[in-house]
Amino acid sequence: MSIIEIFFWLLSGLAIFSAIMVLISKNPVHSVLWLIVVFFAISGHYILLNAQFLAIVNLIVYAGAIMVLFLFVIMLMNLNADADPQKNVWLKVIGIVTGGLLLTVLVSAVRSSNDLVNRSAELKTGSIGLIKSLGITLFNEYTVPFELSSILFLSAMVGAVVIGKKE
Amino acid sequence: MGQMNNLVYLVPLFPLLGFLVNGLFRNQLSKGLIGIIGSGSILLSFGVSIALFLQVKSGGAIPVHSLFTFIDVSPTFKIDFAFQVDQLSSLFLLVITGVGFLIHVYSTSYMHDEEVPHFARYFAYLNLFVFSMLLLVLGANYVIMFIGWEGVGLCSYLLIGFWFKNDNYNYAAKKAFIMNRIGDLGFLLAVFWLFEKLGTVNYSDVFANTNKLTQADITGITLLLFVGATGKSAQIPLYTWLPDAMAGPTPVSALIHAATMVTAGIYMIARSNILYTLAPFTQAVVAIIGLATAIFAASIALQQNDIKKVLAYSTVSQLGYMFLGLGVGSYTGAVFHVMTHAFFKACLFLGAGSVIHAMSGEQDIRKMGGLSKYMPITRITFLISCIAIAGIPPFAGFFSKDQILAAAKEVNPFFYYIGVGGALLTAFYMFRLYTMTFVGKFRGTHDQEHHLHESPMAITFPLIVLAILAAAGGLLGIPEAFAKNANWLESFLAPIFDGSTKLQKVHPSEGSNEIVLMAVTSVIIIAVSVWAYVKFKDYQTNEEEPTGFARILANKWYVDEIYDAVFVKPINAFAGFLKNVVEKSGIDGIVNGVGRLVQYSSRQMRLLQSGMVGSYILFMVLSIVVLFLIFWNQIQIVEFLQKVF
Amino acid sequence: MPIQYYITLSAILFCIGVTGVLTRRNAIIIFMCIELMLNSVNLLLVAFSKMPPVSKAVSAAATGADAQLFVFFIMVVAAAEVSVGLAIIVMMYRNVHSIDVNFLNRLKN
C-alpha cells in the first residue's frame, strides 16, 4: 500500500467520521467545527487528486468564509445544546433508515454499473488542477459566467442585507 | 298497377296522421273535429284498402315495395322498411280498417262524456292502435311485423289503462303489457334464430329457403313464434291478461278482440304457414293448446256474471278454435274464423257497450233483464251475433267453425268431438248471456229502469252493419260439401297457403257424411241454445254463492291465484330480497363503502400534508429510492442486495 | 485509485447529509448538512475530472478543466446561497425566537 493510498483511506475515514459527528453533536458550535474538519478532509482529497486550486478555494471559501459565517450566526443567536430542538425518536429512526436505504440503492447502483469497472481517477499527476491552466481556461472560455457570478454575489449581498435588516 | 303500388304506404299513413293531429292538438280541437279526424283517417285507410283488395283480387299479390332501408349494417345485414300486400294481408287490411272504422264511429258517441283532452287522447291511441296493427299486417319481413307487434302491445297498455286514475285499471294494463312482453320475447328470439340461420327476415326469402333449416331449427323457431302468439292472442298460459283488459272502455275491448291485437298471433302463424306445416310437432302443440284454451275459457265463461267478462272469455275460447284450425293445417279456416269472429265479436262488444251505456255503467247481467223492449236494435243485433258465434246455420260462425272442425276431424276425430263440445258450451253461455240481459224482467234499480233508452245513431249504425256482416259473412266460405268450388275464401287465399297445401295430404272429403255430421251438430247446438234460453228466461237474482264445481269456474279455475302464488309472489319475494339485502347491504354497501373509503383515506392522506418540510423531504428521498429501484437494472440491484444481506 | 471508491465516498457523505436533513430540526444544522451534500458532489466532480476518458479523441485536459471550473462555480453559488440562507434563518429567529423548522408549517394551510 503506497503512501498515497494510506492518505486516501485516512482522509476518507476522517471525512465520514467528521460528517457523522456533525450529525450527532448536540451543540451547533461543535457541529460547525466538525464540518470544518470535513472540509479539510475533502480539501486533502483535492490535493491528492492534484486539484490544488480547488483545494485552496475550498479551504478559503468553505472552511474559512462560510463556516465563519455559520459561527457568527450561531453565536448571534446564542444557541447551545439545551436550545437544540429534539425530534421524535421514531422520526429519527425513519430518517436514518431512509438515508440508509438511499445509500444502499446508490452503492448497489454503483456496484452494478459495468461502465465503472476498471476505471480509476489519476492521483498526484496531471496539470489541469493547477492554478495556471485553470486560470487560462476560466478567462478564455468562462469569462461571461465569471462576470455573471460577480453580479450574483452583488445581488446575494443586497438580498442578505434586505432580509436581515430590522424593519 | 304501378300507381297502386305506391298507394300502399297510405294505408298506415292516415291513422298515423290522425294519431299525430289528435295527440298533438288535443287541447285545441273540438270534440266533433276530433271524432271526424279519428274516424275519417280510418275511413280513408279503408278506402285505400278496398282499392288494394280489388287490385289483389284481379291481379294477384302486389310486388313487395321497399319504402326505405330500415337497418343497414352491412350488405348481409340489411332490413328494408317494406310493405307486402297479398291476398292474406289485403284481407286483414279490410277487416282491420273496416271494423276499426265502425268502432271509431261508435266511440264518438260512446266516449262523448269524456273531457276534450281525454277524448282526443282516446282517439289518438285508437288511431295509433290501428296504425300499429296495419304495420304488423303490411310488413314484408318479421322486423316490421315486430314493430307493429310491439306497437299494439303498447297501445293496448295505453288504452286498457285509459282511465288511469283507477289503480285496478292500471294494474290490468300492466298485466296485459307484461304478459305480452313475455310472448314478445319468444317472438324476438325466433326472429334472431331465423336471422342467424338464414341471414334474412324477409318473408319471401325465408319461405323460399326453408330447406336450409334443419327440423330442429324449424320446430324451435315455430315454437318460439307460437310463444309470441300465445301472448298476443291470449292462449294458455298467457291468456289471463285478456279478461282483465276489460278495464278499458268497451269500444277498446271491441277493437282488441275483433280487429286488432288478438288476431296478430293468428296472422303471424298464417303468414308463416309453411314453417308450421314443416313442423308437425309444433302443429300438434298449437292444436292442443288451442283446443285446451277453447274448452277452458268456455268453461270459465259459463259462470261469469260480468257482461264483458263473458265476452272476453268467449274471445279467448274462439281464439282457441282459430289456433286449433292453424294446428290442424286449416289456415284458411283460421283466417275465415278471424274474419267472422271480427264481425260478430265486434258487434257483441259494441252491443254490450250499448247496454252498459243504457244501464249507466252497470255490467252485471244479474241486474239486467228484459232490456229488449227498451233497446230493440241492440237486442236484434246482439241476438244475430249470438246465433253467429254459437254456430247455428246459416250465420257466419257456423261456416268458419265448421271448416276448422272438419279439418280437425281429418287429423284426429278426438279433436273434433272436444271441439264440438266446446261449441256447445259456447252456445250455452252465449244464450245465457243473451237471455239474462234481454229477456225476462228487469232486475235493476228503479232509477236505472227509468233511464233505459235505445242508443243514438252513432252507436246503432255500426251495430247494424256488423250484424249484417255477422249474418252474411259466412257466405264467403261455403263448405265444399254443399257445392263444388263454392268456398270463395279458400280459392282466394290459395296462393298464400299454396306451399302448405302441397305438403299436406290430400284427403277426399266425404260430402254426404260431412253434411250429416253438420246437421247433427247444428241440431244439438240449437237444442242447447234453446235449453239455455228456457233455463234463464225467468232468472231471478239470488245472492247465493255458487258451490262446488261452479265455484271453481266462477273463480276462473283459480288461474290468477295460481299464477300469483307460483310466479308473482316468488318474484316479489325475490325482488324484496334483492331490494332489502342485496341492494341495501350489498350494492349500497359497496357504493357507500367506496365513498367512505375515499373520505377516510383522504382524511388520512391529508395528515401527510403536515406542512413540515422534513416530511416532504422524507417522501422525496423515499420516492428517489423507489424510482431508482424501478428504473435501474433491478436484477443487478437485487443480486447485490442479496449479496449484502 | 478506482473511481468507485470516490463514488462510494461521495454517496456516503451525501447520505449522511440527507440523514441529517431528515433527523435534525435545527435549521442551522440542516443548512450545514446541505453544505455537506454540496461538498460531496464537488468531490465527485473533481474525482471524475481526473478520470481519463475512454475515447482517445477527447482531450483529458479540456474536459478536466471544465469539470473543475464547474466545481468552482458551484462554490461561488454556494457562497451566495449561504449568505442569503443565513439571513433568512436570522430573520426567522427574530420572528419566532426559534430555529426549529417545525414552527414553519405554514404550508399546511
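Which residue takes a positive phi just after α15(B)? G329(B) does, at about 90°. The model is predicted: local features need pLDDT of at least 70, side-chain atom pairs count only at pLDDT 80 or more, and totals for chains, interfaces and linings use all residues. Residues are numbered from 1 along each chain as its sequence is written, and chains are lettered from A and ligands numbered from 1 in the order in which they are written. The predictor assigns the complex an ipTM of 0.88 and a pTM of 0.67.

**Confidence**

- The average pLDDT of chain C is 85, and 87% of its residues score at least 70; pLDDT is the predictor's confidence in each residue, from 0 to 100.
- Where pLDDT is low, the predicted coordinates should not be read in detail.

**Chain composition**

- Helices (H or I, at least four residues) and strands (E, at least two) are DSSP runs, numbered from the N terminus.
- Chain A has 6 helices and 0 strands, in the order α-α-α-α-α-α from the N terminus on.
- Chain B has 28 helices and 2 strands.
- Chain C has 3 helices and 0 strands, which run α-α-α from the N terminus on.

**Burial and contact range**

- A residue is buried if 20 or more other C-beta atoms lie within 10 Å of its own, exposed if 12 or fewer, and partly exposed in between, with C-beta atoms placed from the backbone.
- Of the 167 residues in chain A, 29% are buried.
- In chain B, 50% of the 645 residues are buried.
- In chain C, 50% of the 109 residues are buried.
- Two residues are in contact if their C-beta atoms, placed from the backbone, lie within 7 Å.
- Among contacts with a separation of 6 or more, residues 24 or more positions apart account for 62% in chain A.
- On that basis the share is 81% in chain B and 52% in chain C.

**Contact of chain C with chain A**

- Chain C puts 58 residues into the contact, and chain A puts in 67 residues.
- On the side of chain C that touches chain A, the elements giving two or more residues are α1 (3–23), α2 (27–49) and α3 (60–96) of chain C.
- Of these, α3(C) gives the most, with 23 residues.
- This side of chain C has 43 nonpolar, 11 polar and 4 charged residues; Ala, Val, Leu, Ile, Met, Phe, Trp, Tyr, Cys and Pro count as nonpolar, Asp, Glu, Lys and Arg as charged, and the others, Gly among them, as polar.

**Helix α9 of chain B**

- Helix α9(B) covers residues 215–232, has 18 residues and reaches 26 Å from its first C-alpha to its last, close to the 26 Å expected at 1.5 Å a residue; the expected span is 1.5 Å times one less than the number of residues.
- Its buried residues include I218(B), I221(B), L224(B), L225(B) and F226(B).
- The buried residues of α9(B) pack against α6 (142–160), α7 (167–198), α12 (262–271), α13 (273–277) and α14 (280–301) of chain B.
- Just after α9(B), A234(B) has a positive phi of about 55°.

- Helix α15(B) has 21 residues and reaches 30 Å from its first C-alpha to its last, close to the 30 Å expected at 1.5 Å a residue.
- Because 21 of the 21 residues of α15(B) are buried, this helix is largely enclosed by the rest of the structure.
- Two packed helices are described by the angle between their axes and the distance between the axes.
- The axes of α12(B) and α15(B) (residues 307–327) come within 11 Å and cross at roughly 0°; axes are lines fitted to C-alpha atoms, for helices over the stretch in contact, and angles run from 0 to 180 degrees between N-to-C directions.
- The two helices, α12(B) and α15(B), are therefore roughly parallel to each other (angles under 35 degrees count as roughly parallel, over 145 as roughly antiparallel, 65 to 115 as roughly perpendicular and the rest as oblique).
- From α12(B), V262(B), I266(B), I269(B) and A270(B) make the contact, and from α15(B), T315(B), L319(B), M322(B) and L326(B) do.
- By class, this contact of α12(B) with α15(B) has 7 nonpolar, 1 polar and no charged residues.

**Residue V137(B)**

- V137(B) is part of helix α5 (residues 116–138) of chain B.
- V137(B) counts as buried because it has 29 C-beta neighbours inside 10 Å.
- Leaving aside neighbours within four places in sequence, V137(B) is in contact with S89(B), F92(B), L93(B), I96(B) and Y267(B).
- V137(B) and W149(B) are 12 residues apart in sequence and, C-alpha to C-alpha, 9.2 Å apart in space.
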